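Let's take a quick walk through a few pieces of this fold. Have the structure open and follow along.

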Amino acid sequence: MQPRNMSMSGVVDLAAVKAAQEAKTKAEQARAEAARQGGAGAVSPADLVIDVDEAGFERDVLQRSAEVPVVIDFWAEWCQPCKQLSPVLERLAVEYNGRFLLAKIDVDANQMLMQQFGVQGIPAVFAVVAGQALPLFQGAAGEEQIRGTLDQLVQVAEERFGLTGLVVDPDAEPGAQAGPTVVPAGPYDALLEAAVQALDAGDFGGAVQAYKNVLSDDPANSEAKLGLAQAELLQRVQGMDPQQVRREAAEKPADAGAQIAAADLDLVGGHVEDAFGRLIETVQRTAGDDRDAVRRRLLELFEVVGTDDPRVVGARRALARTLF
């Protein structure tokens with residue numbers, strides 16, 4: 001199976017972001033419940049490093065990547081740098097205690113996988129997160145660099161895809177199949193599900209109200225806050241005439257309303273950096289209430305994209321330089 005490319009700085013998929021936040025919440029509940037039950041469904045530390053071949057790739061890598069980030073170590077017996085790197089990765093897999101799974105692929109025996117990932121030389125290390133592949137590094141690397149890369153991978157997997165990893169039990173039998181963990185239903189599941197159904201049906205006003213109903217009782221509910229930001233964005237662009245909006249934005253570069261509307265369209269279209277750049281430039285051109293309105297909309301769009309996104313981090317710095 002051809003692995004899909006994953007970019008940590010790709011376009012915004014609002015449905016994927018919504019699903020990721022929901023997955024994160026439920027994954028955290030599952031991990032907490034498994035820990036409460038004394039490691040039910042846990043794996044042995046020995047199961048954190050596995051050998052993978054072409055026949056088992058879909059089961060052992062693609063399917064497992066829906067519950068834990070899978071780091072792939074492409075190696076060969078004759079590769080001397082591999083003999084230095086592989087033991088470090090194996091030790092870190094155990095040290096990270098289930099935050100990622102290490103899959104070792106012998107390139108001599110699995111040429112097709114090597115070609116599908118575009119491996120030009122070994123050692124080569126990739127990751128698969130929620131079925132999507134991304135390169136980590138190639139060649140020998142120091143442990144500090146490896147740790148930094150793994151830390152970023154674990155953070156992105158948890159914050160964007162809801163993957164909190166595996167529960168590890170030192171007393172578990174190696175090779176035991178982990179059973180599914182039952183996730184307790186939360187008090188707002190029905191309301192959140194109603195909001196999702198409203199979004200899927202194009203009833204953005206209904207989705208907005210459903211998320212607000214949750215937040216009225218639980219103002220810190222992260223899933224509802226994210227969903228509300230997305231639903232409000234979709235509600236705003238619904239019925240817009242894109243050509244007219246962009247024409248007015250081009251004709252009125254200092255008009256706060258025109259630029260805010262165009263930025264909403266930019267974001268829904270996946271042009272994240274264009275949306276951020278447009279509003280930052282508008283902050284520079286405006287003052288008073290107009291400037292404050294543009295700044296508030298920019299902060300709202302940050303929430304839609306995700307505060308950990310590198311584009312948000314860069315735009316925050318640019319906004320700070322503009323304001324101060």
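This is a predicted model: local features need pLDDT of at least 70, side-chain atom pairs count only at pLDDT 80 or more; totals for chains, interfaces and linings use all residues.

Strand β5 covers residues 124-129 and strand β6 covers residues 132-138; the two run antiparallel, with 6 bridges joining them.

Together β5 and β6 make a hairpin, with 2 residues between the strands. In that turn, Ala130 takes a positive phi of about 50°.

## Helix α5, end to end

Next up is helix α5, residues 143-161. How far apart are its end C-alpha atoms? They are 26 Å apart, and since 19 residues at 1.5 Å a residue should span 27 Å, the helix agrees with expectation.

Which residues of α5 are buried? They are Ile146, Thr149, Leu150, Leu153, Val154, Val156, Ala157, Arg160 and Phe161. These cover an arc of only 165° around the axis, so they lie on the same side of α5.

## Where α8 meets α10

Finally, look at helix α8 (residues 222-237) and helix α10 (residues 256-268): their axes come within 10 Å and cross at roughly 115°. The crossing of α8 and α10 is left-handed.

On the α8 side, the contact is made by Leu233, Leu234, Arg236 and Val237. Their counterparts on α10 are Asp264, Leu265, Leu267 and Val268.

Note on methods. Residues are numbered from 1 along each chain as its sequence is written. Side-chain values use heavy atoms; hydrogens and water are left out. Helices (H or I, at least four residues) and strands (E, at least two) are DSSP runs, numbered from the N terminus. The expected span of a helix is 1.5 Å times one less than its number of residues. Buried means under 20% relative accessible area, exposed over 50%, partly exposed in between (1.4 Å probe, protein chains only). The arc is that of the directions from the helix axis to the C-beta atoms. Two strands pair if DSSP finds at least two bridges between them. Axes are lines fitted to C-alpha atoms, for helices over the stretch in contact, and angles run from 0 to 180 degrees between N-to-C directions. A crossing is left-handed if the near helix is turned anticlockwise from the far one by less than a right angle, and right-handed if clockwise. Contact means heavy atoms within 4.5 Å.
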